[in-house]
Amino acid sequence: MATTPSNKMRPTPHLPPNLPSLVATAFSRSVATKAVNFYPTSVTLLTINSIPFQLRYSPSLASKPKPPSVTTPKLFFNPFASPTQEMLITPFGTSPPSHNLVLNKFAVVPEHFILSTSAFKPQTHLLEADDLAAAYACIDAYARHNKELFVFFNSGDHSGASQPHRHLQLLPVENMKEGLEGEWDVLAKGLTDPNTRGKLPFEVFARNIEGLGGDGEELRRVYLELYNQACEAVLGVAEDIKHEGEAQISYNLAMTNNTMAVVPRLTEGGVVKDKDGQEVGNLALNGTVLAGTALVRSEMEWNALREDPDQVNQVLGRIGVPNRAKM
């Protein structure tokens with residue numbers, strides 16, 4: 001098995017101390033100028049194997065372009081190559097800046113923003129230490145204001161990825177809870193508990209990252225450990241797993257202030273049917289599945305899944321490696 005190269009230690013990136021208000025101001029400004037495509041959403045809670053699971057209906061997703069594959073970057077407009085002033089929140093990282101924080105043009109909750117590499121790097125390549133350190137710096141910047149961030153990453157054709165320029169997505173947890181009636185919290189926060197993982201129909205691998213202090217090299221060590229487990233679950237072997245360049249599987253990664261989790265992906269989703277058995281759409285899942293959320297594009301899908309929540313469980317059972325704890 002390949003080992004992690006001994007990279008020179010990178011300094012921890014520093015962010016503006018008022019990051020939450022900076023994001024909120026940028027978001028409000030860009031919604032007002034229509035630079036960001038955001039619409040109010042409908043949301044409800046479903047119970048999936050005793051886990052509260054959020055189902056959100058977002059009309060804005062219907063106008064989001066659906067590219068054929070993240071492996072064909074020439075077909076894409078790249079919003080991260082030179083972000084406009086309306087979309088840019090702040091550049092940051094070591095000099096010259098290694099990353100940009102930009103608004104998500106197709107926001108599903110208020111203040112949905114993105115951490116992208118300044119220079120083009122492929123979304124399908126493995127994350128580097130400075131990517132993970134930058135993501136954790138954002139989490140920490142919110143924590144200093146008693147706020148939580150959920151960070152996720154989509155990689156590969158089956159992951160829900162839609163842009164080949166490397167980027168992680170960030171959602172303020174407080175805003176993810178808006179409009180909910182009932183108790184819900186980010187699923188990833190509890191995934192270090194084997195009892196919680198055992199309730200899911202797919203395999204997921206998680207580790208506690210408290211105490212790492214945002215150290216990029218230590219975060220990458222944990223990330224590669226989880227990636228190795230995900231590769232072994234899909235490929236059936238632990239040898240010849242590469243730790244640089246192109247990822248060998250599709251997967252989603254999630255980070256919170258205390259947890260990192262990786263789920264290997266085999267499909268992006270599955271069909272949705274109405275009560276008469278007629279196909280009304282497709283439930284596609286990205287890294288927000290590790291928050292315990294699902295997003296739908298049409299009202300017909302929204303109605304069908306609320307009437308028959310077991311369809312969500314069935315799709316969850318198809319997107320990844322079957323959970324051995326449930327076999």
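At least two residues each of the lining of the largest cavity come from β2 (51-57) and from β13 (293-296), where strands are DSSP runs of E with at least two residues, numbered from the N terminus. This is a predicted model, in which local features need pLDDT of at least 70 and side-chain atom pairs count only at pLDDT 80 or more, while totals for chains, interfaces and linings use all residues. Residues are numbered from 1 along each chain as its sequence is written, and side-chain values use heavy atoms, with hydrogens and water left out.

A cavity is a set of points on a 1 Å grid over the protein atoms alone where a 1.4 Å probe fits but cannot get out, and its lining residues have an atom within 4 Å of a point. The structure holds one cavity of 30 Å³ or more, and the largest cavity contains about 70 Å³ of space, a volume being the space filled by probe spheres set on the points, which are joined across faces, edges and corners. Of its lining, β13 gives the largest share, three residues, and the classes are as follows.

| Class in the lining | Number |
|---|---|
| nonpolar | six residues |
| polar | three residues |

Leu283 lies in strand β12 (residues 279-284) and counts as buried because its relative accessibility is 0%, buried meaning under 20% relative accessible area with a 1.4 Å probe and protein chains only. The C-alpha atoms of Leu283 and Val296 are separated by 6.4 Å, although the two residues are 13 residues apart along the chain.

How values were computed
Helices (H or I, at least four residues) and strands (E, at least two) are DSSP runs, numbered from the N terminus. Buried means under 20% relative accessible area, exposed over 50%, partly exposed in between (1.4 Å probe, protein chains only). On a 1 Å grid over the protein atoms alone, a cavity is a set of points where a 1.4 Å probe fits but cannot get out, and a pocket is an open set with protein on both sides within 12 Å along at least five of seven lines; lining residues have an atom within 4 Å of a point. Ala, Val, Leu, Ile, Met, Phe, Trp, Tyr, Cys and Pro count as nonpolar, Asp, Glu, Lys and Arg as charged, and the others, Gly among them, as polar.
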